[in-house]
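This report walks through a structure by its salt bridges, its nonpolar cores, its surface and its backbone. The sequence and the structure come first.

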Amino acid sequence: MRLRSGVFASSCLLVEVLGVALFLRGFFPVPVRSLPRREARGDLPAEPAPPGPGMVSNWTKIPPPLFKKVVIVLIDALRDDFVFGSKGEQFMPYTKQVIEKGTSYSFIAEAKPPTVTMPRIKALMTGSIPGFIDVIVNLNSPALLDDNLIWQAKTAGKRIIFYGDDTWVKLFPKHFVEYDGTTSFFVSDFTEVDDNVTRHLDRVLKREDWDLLILHYLGLDHIGHVTGPNSPLVGAKLREMDNILKKIHISLLSKEEASFPNLLVVCGDHGMSETGSHGGSSAGEVHTPLLFISSAFEKRSGPLTYPELVQQTDLASTLAVGLGLPISRNSVGNLILPVVGGRTMREQLRFVHLNGFQLSRLLQENTPAYEKDPGYEHFKIAEKSHANWIKLYLEGNNSEILLNLGKKVLKQYLEALKTLSSSLSKQVAQYDMYSMMVGTVIILENPVLSSSSWSEIDVLILAGTVGHVLSLGASSFVEEEHQTWYFLINTLCLVLCQELCRNNFLLKEYDPQHSTTVKQNSEEASGYKNIDIPAADSSKLSKTSTSDEFVRGSDKWVSLASPWIILICCRLLRSLNQTGVQWAHRPDFGHWLTSSEHKSELSFLAAVSLLMIFFLVQRRCSLVSKIAMALGLLGIYSYRAAIGNVIFPWQHGSKDISKGITEARFVYIFVLGIVFSGTKDLLKSQVISSDSGVKSTGLWEVYSGLVLLAALLFRPHNLPVLVFCLLIQTMMTKYIWRPLKFGAAQITIMHYWFGQAFFYFQGNSNGIATVDVSAGFVGLESYVEIPAIFLTAFATYAGPLLWAFHLLCYLSSEVSRNSAAVGHGCFCYALMRSLPVAVYIVLVTGLRYHLFIWSVFSPKLLYEGVHVFITAAICLFFTAMDHNHSHKVQD
C-alpha cells in the first residue's frame with residue numbers, strides 16, 4: 001500500500017474535527033419551545049362555554065392549591081426495584097408500609113435518554129424533553145431560561161428552600177430563599193454529600209416560613225458509580241433514606257390542617273445499570289419510583305397491584321396543579337389523575353381541561369397542520385362534551401346522568417392528553433440542516449487510499465473495514481459493535497497464522513517471487529540500523545537475507561503459536577466484561593470478581609496483574625524509570641486497598657475505607673516523573689543528539705508512563721485487560737510483524753483494529769452508561785472540571801490510545817524501514833478514523849427520524865466525535881515525531 005504524507009493527513013483530520021463539530025451542532029437540535037417564560041403567565045382559558053343563550057361559566061381563574069406545603073425528596077439513581085422490589089422490603093420498611101397500607105399513590109416514572117442528572121431535572125421541572133446534547137452540558141449547567149415550575153412558584157410568591165446537588169442552584173439562580181448546594185461530581189463521597197443535606201432537616205421542618213422544600217440526595221448515585229447496584233453499601237444507604245422519609249412524613253402529618261393537607265413526593269432522576277452507571281436506555285436506567293404521600297388520599301385497601309407506568313415529564317403538570325400554578329408552557333406531560341381524584345368532578349374536569357389547552361397550544365405553535373393531529377381533534381371533541389356537562393351542572397342537575405357524563409368526558413380528556421403528549425414527544429426537536437450539511441461536506445473531503453498490489457492481508461483489511469462501516473447503519477450492529485471487532489481480530493489472527501505457516505514451511509529459497517521480495521526488503525534495510533538487531537555488513541547481508549525471513553529454532557514455534565495464544569487471550573477478555581445491550585445483563589467474570597465474597601481472589605489477581613505489567617513494560621525503560629514504575633505500581637495497589645477494593649495479605653477483618661487521596665497522588669508523581677524523563681529524551685533528540693535511539697527510548701518511556709496512569713484509573717478487575725494488551729503487543733512485535741515484514745499501512749490498521757477491540761474489552765459500549773465516571777476523581781479531593789474530564793476520557797479511550805502510541809513507538813524504533821514509515825502510519829490511522837465517521841454521519845442524517853435515534857445512534861455519534869478529536873491529537877504527535885525524523889534524515 002502506498003500512502004500519502006502524515007502532515008497532510010493531520011491537516012485533513014483537523015479539518016474533519018471542525019466538520020464533526022458543525023454536524024453535532026446541527027444534529028443535536030433545539031427542543032420544541034413555546035413563548036419565553038416572561039410571557040408564560042398569560043390569561044388562562046375559562047371553562048368551555050356551555051351551549052345555549054345566557055349561560056356562562058364563572059370559573060376563569062387558576063384553581064386554588066390543593067396542598068399547603070410540598071416536600072420533594074429526589075434520591076439520585078433510585079431504581080424502581082430499590083423501592084418496589086426485594087431491596088425495598090429489606091431496607092426501606094417504612095416506605096414500603098406507606099405504599100402498601102398508607103395514604104399514597106405509587107407509580108413507575110419512565111425517563112427518556114440521556115439518563116443523566118441535569119436533563120432529568122429539566123424534565124421534572126419543565127415537563128419537557130431536554131435535548132440529547134444536555135449530556136455534555138451536564139458537566140457545567142447553565143441557568144434554565146425556559147418556563148418551569150420553580151420560576152412559576154417564585155413568581156406566585158411561593159417560598160422555596162433547597163438542599164442538595166448544586167446543579168439546581170446553577171439551573172435556578174436566585175430562585176431559592178435558602179439553599180445549600182453540594183457538588184454532584186465527586187463520586188468517591190458516599191456520606192458527607194448526604195449529611196450536608198440531612199443536617200438542615202430538623203431545623204427547617206420546625207419552621208413555617210416555606211411552601212416548597214426540595215432535597216436532592218447524591219450518595220446512592222455515587223455508590224452505584226464506584227461499587228455497583230449490588231454492593232452492600234446500597235442497602236445501608238437505602239435504610240438511611242428510609243429513616244429520612246419517615247422523619248419528613250411524620251413531621252408533615254403533625255403540622256398539617258385537616259382541610260389543607262401537605263404532600264410528600266419521593267422520586268429519582270434516573271436509575272442505574274447493572275454496572276452502577278447511567279446515561280443509556282436500559283430498564284434499570286429509565287425506570288424510577290414516583291411516590292405521592294398525603295393525608296388527602298384515601299387509605300389503601302385490597303390487594304396490592306404493581307405500580308402504573310407514567311412519564312417523568314408528568315410530574316411538572318401534576319405539581320403545578322397541586323400548588324395552584326399554571327402548567328409550564330413547554331410541558332409535554334399529562335396530569336396524573338389519581339393525585340386529584342379526591343376532588344369534585346367539576347374540579348377534575350377543570351384540571352384536565354387546563355392541561356389539554358396547554359398541550360394543544362404548544363402543538364399549534366410547533367406544528368403547521370395541527371388541526372389534523374388526532375390529539376387536537378380528540379381534545380376539541382372532549383371540550384364540546386365538557387361544555388354540555390357544564391350546562392347540566394349549571395342547571396342544577398345532580399342525577400346519575402351528570403356523574404356518568406362527567407366520567408365519559410374525563411375519559412375523553414385523558415385520551416386526548418395521551419395522544420397530544422405522544423405527538424409532541426415525537427417532534428421534540430428540530431434539526432439545523434444547514435449546519436449538518438456543511439459539516440458533512442467538510443467531513444467527506446477526505447484523502448483516499450491508493451494501492452499498487454493487494455495481498456490476502458490487504459483484502460481482509462479492506463473487507464473488514466468496509467463491512468464494519470456498512471454495519472453502522474443498523475441499530476442492532478451499533479448496540480453490539482463489540483461483536484464486529486471481536487470477529488475481525490479473530491479472523492485477523494487466523495489469517496496471520498496462515499501467513500506464518502506459509503513463510504515457515506511453504507516458501508523456499510529458490511522461489512523467484514520470494515527471492516525478489518527478500519532482495520527488495522534487504523535493499524530497503526541496507527542503509528539503516530535496527531536498534532534491536534545488530535547491523536550486518538553488505539557482504540553478509542546477501543547470504544543471510546533468506547535466513548532473516550525465517551524464524552529459526554524455538555522462536556519459530558513460538559511464532560507459529562502466537563496467533564493462537566492471542567486468540568486465547570481475546571477469548572478470556574470477552575468473558576471478563578459483558579457489554580453491548582443484548583447480553584449486558586448476563587453475569588461475567590468481572591461481576592464475580594467485584595462481589596464482596598471474592599475480594600481475596602480479586603486482590604490476588606490485581607497483584608499478579610501489576611507484577612506482569614512491570615515485567616512487560618520495564619525492559620524498555622531506564623533504571624530510574626524502572627524504579628519509578630515499580631513504586632508506582634505498588635502505590636496503585638495501596639490506593640485500591642485504601643478505598644476498599646482489595647486487601648493486603650496481612651490484613652485481617654474490615655479496614656477503615658478512605659478516599660485514597662495520598663496514595664493516588666503518590667502514583668501521579670511517578671507517572672509525571674516517567675513521562676518527564678521520556679519527554680526530556682525526546683527534546684534531546686530534537687535539539688542536541690541525532691541518535692534515533694534516544695528518541696525511541698523517550699517514546700517508550702512516555703508510553704510506560706501512560707501504562708502506569710491507565711493501571712491507576714482502571715478498576716482492579718480490569719487490570720488483566722492492560723496485561724493482555726501489553727502481552728499481545730509484545731508477541732505481535734517480536735513474533736509476527738518482524739518475521740513477516742509487514743508494511744507500515746498493514747501494521748497501522750492492525751493496531752487500529754486491536755485498539756477498537758480493547759475499547760470494548762474494557763467493558764465500554766456505545767451507550768453513555770458504560771463511561772466510568774469514578775475514574776475522573778482518582779486522587780481528587782473535590783470536583784475540578786479539567787482534570788476530571790481528562791482522566792475520564794483517558795480511562796474510557798485507554799485501549800485505542802495505548803495501541804496508537806505503541807504504533808508510534810514501534811514505527812520509530814524500526815529504523816530499518818523507509819524514513820516515511822511514521823508519516824505513512826499517521827496517514828493510514830487518520831484514514832481509518834475518518835472513513836467510519838464520514839459514512840456514519842451520512843447514515844444518521846438519513847436516520848434522524850428513526851425510532852432509536854436518541855437511544856442508539858446519538859450516543860454512538862458522541863463517541864465518534866470525541867474519538868475524532870483524540871485521533872487528531874494523536875496524529876499531531878505523529879506528525880511532530882515524523883517531522884523531526886525527516887530533518888535528521890536530510891541532515
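## A buried lysine in a salt bridge

K237 counts as buried, at 4% relative accessibility. Buried means under 20% relative accessible area, exposed over 50%, and partly exposed in between, with a 1.4 Å probe and protein chains only. The side chain of K237 meets that of E240 in a salt bridge, 2.9 Å from N to O. A salt bridge here is a side-chain nitrogen of Lys or Arg within 4 Å of a carboxyl oxygen of Asp or Glu. E240 is partly exposed, with a relative accessible area of 23%.

K237 and E240 both sit in helix α12 (residues 232-255). They are three residues apart there, so about one helical turn separates them. Helices (H or I, at least four residues) and strands (E, at least two) are DSSP runs, numbered from the N terminus.

## Basis of the model

The model is predicted: local features need pLDDT of at least 70, side-chain atom pairs count only at pLDDT 80 or more, and totals for chains, interfaces and linings use all residues. Residues are numbered from 1 along each chain as its sequence is written, and side-chain values use heavy atoms, with hydrogens and water left out.

## Salt bridges across the sequence

The structure holds 21 salt bridges. One of them joins R207 to E178, with the closest N and O atoms 3.1 Å apart. R207 lies in the loop between α10 (201-206) and β6 (212-217), and E178 lies in strand β5 (residues 178-182). The pair therefore ties together parts that are 29 residues apart in sequence. R207 counts as buried, at 19% relative accessibility. E178 and R207 also belong to a network of salt bridges with R203 and D209.

Another bridge pairs the side chains of R329 and E365, at 3.1 Å from N to O. This pair links distant parts of the chain, 36 residues apart. R329 is in the loop between α14 (314-322) and α15 (345-366), while E365 is in helix α15. R329 is buried, with a relative accessible area of 4%. E365 is partly exposed, at 36%. What separates the C-alpha atoms of R329 and Q358? The distance is 6.5 Å, for residues 29 apart along the chain.

## Two nonpolar cores

Which residues touch the most other members of the largest nonpolar core? They are I613, W753 and F754, in a core of 114 residues. Helix α31 (residues 744-761) gives the most to this core, with 13 residues. A nonpolar core is a set of buried Ala, Val, Leu, Ile, Met, Phe, Trp, Tyr and Cys residues joined through side-chain atoms within 4.5 Å.

F754 touches I489, L492, C493, I566, C570, I728, M732 and W803, leaving out residues up to four places away in sequence. Contact means heavy atoms within 4.5 Å. A second, separate core has 66 residues, including L315, F351, L359 and Y370.

## A nonpolar patch on the surface

L623, I627, L631, L634 and F666 form a nonpolar patch on the surface. Together they have about 490 Å² of accessible area. Accessible areas come from the Shrake-Rupley method with a 1.4 Å probe; for residues, only the protein chains shown count as cover. Patch residues have over 30% relative accessible area and no salt bridge; like charges are joined within 9 Å, nonpolar side chains (Val, Leu, Ile, Met, Phe, Trp, Tyr) within 5 Å.

Helix α27 (residues 623-642) supplies the largest share of the patch, four residues. L623 is in helix α27. L623 is exposed, with a relative accessible area of 64%.

## A buried threonine

T115 lies in the loop between β3 (104-110) and α5 (117-126). T115 is buried, with a relative accessible area of 0%. Its side chain reaches the backbone nitrogen of G279 at 2.7 Å. Setting aside neighbours within four places in sequence, T115 is in contact with R120, H270, H278, G279, G280, E285 and V286.

A77 is not a glycine, yet has a positive phi of about 70°. A77 lies in the loop between β2 (70-75) and α2 (80-84), and is buried at 0% relative accessible area.

K741 also has a positive phi, near 50°, and is a residue other than glycine. K741 lies in the loop between α30 (719-740) and α31. Is K741 buried or partly exposed? K741 counts as partly exposed, at 37% relative accessibility.

Definitions and conventions:
Polar contact = N/O pair within 3.5 Å; in protein donor to acceptor, adjacent residues only side chain to side chain.
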